[in-house]
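Hello,

Here is the structure I promised to pass on. Please have a look, then read my notes below.

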Amino acid sequence: MTAGAQRFVDGFPNWQKLSMRGLFIAVLAVGAVAVFRHSHVWGWIYLAVATLGQLVLIVPNLCAHCPYPYHYNDCLLAPAGLMRSIFSYRGPTISRRGRLTLAAGAAGLVLIPQYWLLQEPVLLIFFWVLLLPFLAFFRLYLCRRCRHTGCPANLFLCLIR
């Protein structure tokens, strides 16, 4: 580490795990409520896309490359044992295709409900009030201390610090 660099974190306190998991679930729930208020069919589609997006796009292309569940028996967003049972560790490097797939999955979780959220200003505000601290935690705290050196967020955020 260079002089003045932050110490890496080896795990996460329960309050961080509960806060981040709660914020993430709340963001998805607010988005789903906005969609369901206008269309049950589209609400179920959003929930299916969000769930499958996590399992098919995000977890295999980000979480399976993260050292925390595999080397530190911890995970910020899900129980470490669950993460290990879904995918084996794939090393820190994420392929270009994996990074693009990950970006598409993450963008979909946020962008898909925006059409319906724009029609529900209170829910739109609530959605972003929940999402911004979630994102800020990564930018302002975790990415500077994270051991997942191959993470696209970590690499991107290093460029804009």
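Start with Leu 117. Leaving aside residues up to four places away in sequence, Leu 117 touches Val 30, Ala 34, Leu 123, Leu 124 and Phe 127. Keep in mind that this is a predicted model.

**Cores**

Leu 117 belongs to the largest nonpolar core, which has 29 residues. Within this core, Leu 117 and Leu 142 touch the most other members. The top contributor is α1, with eight residues. There is also a second, separate core of nine residues. Among its members are Cys 63, Ala 64, Cys 75 and Ala 80.

**Cysteines**

How many disulfides are there? The search of the whole structure found zero. Cys 63 is in no disulfide, and the nearest cysteine sulfur, that of Cys 75, is 5.8 Å away. Cys 146 is in no disulfide either; its nearest cysteine sulfur belongs to Cys 66, 5.6 Å away. Cys 63 is buried, at 16% relative accessible area. Cys 146 also counts as buried, at 11%.

**Salt bridges**

Side chains of opposite charge can pair when their charged atoms come close. The whole structure has three salt bridges.

- Asp 10 pairs with Arg 147, with the closest N and O atoms 2.6 Å apart. This pair links distant parts of the chain, 137 residues apart: Asp 10 is in the segment before α1, and Arg 147 is in the loop between α7 and α8 (152-160). Asp 10 is partly exposed, at 36%. Arg 147 is partly exposed too, at 28%.
- Asp 74 meets Lys 17 at 2.9 Å, N to O. Asp 74 sits in the loop between α3 (67-71) and α4 (80-86) and Lys 17 in helix α1, so the pair ties together parts 57 residues apart in sequence. Both Asp 74 and Lys 17 are buried.
- Glu 120 pairs with Arg 37, the closest N and O atoms being 3.4 Å apart. Glu 120 lies in the loop between α6 and α7 and Arg 37 in helix α1, so parts 83 residues apart in sequence are tied together. Glu 120 is buried, at 15% relative accessibility, whereas Arg 37 is exposed, at 56%.

**Surface**

Which residues make the nonpolar surface patch of about 430 Å²? They are Val 41, Trp 42, Ile 45, Val 49 and Ile 112. Ile 112 lies in the loop between α5 (96-111) and α6 (114-117). Patch residues need over 30% relative accessible area. Ile 112 is partly exposed, at 33%.

Best wishes

Notes: Residues numbered from 1 in each chain as written. Predicted model: local features only at pLDDT ≥ 70, side-chain atom pairs only at ≥ 80, totals over all residues. Heavy atoms only, no water. Patch = residues over 30% accessible without salt bridge, like charges linked within 9 Å, V, L, I, M, F, W, Y side chains within 5 Å. Areas by Shrake-Rupley, 256 points an atom, 1.4 Å probe, with all protein chains shown as cover. Salt bridge = Lys/Arg side-chain N within 4 Å of Asp/Glu carboxyl O. Helix = DSSP H or I, 4+ residues; strand = E, 2+ residues; numbered from the N terminus. Buried < 20%, exposed > 50% of the residue type's maximum accessible area, 1.4 Å probe, protein only. Disulfide = S-S within 2.5 Å. Core = buried A, V, L, I, M, F, W, Y, C linked by side-chain atoms within 4.5 Å. Contact = heavy atoms within 4.5 Å.
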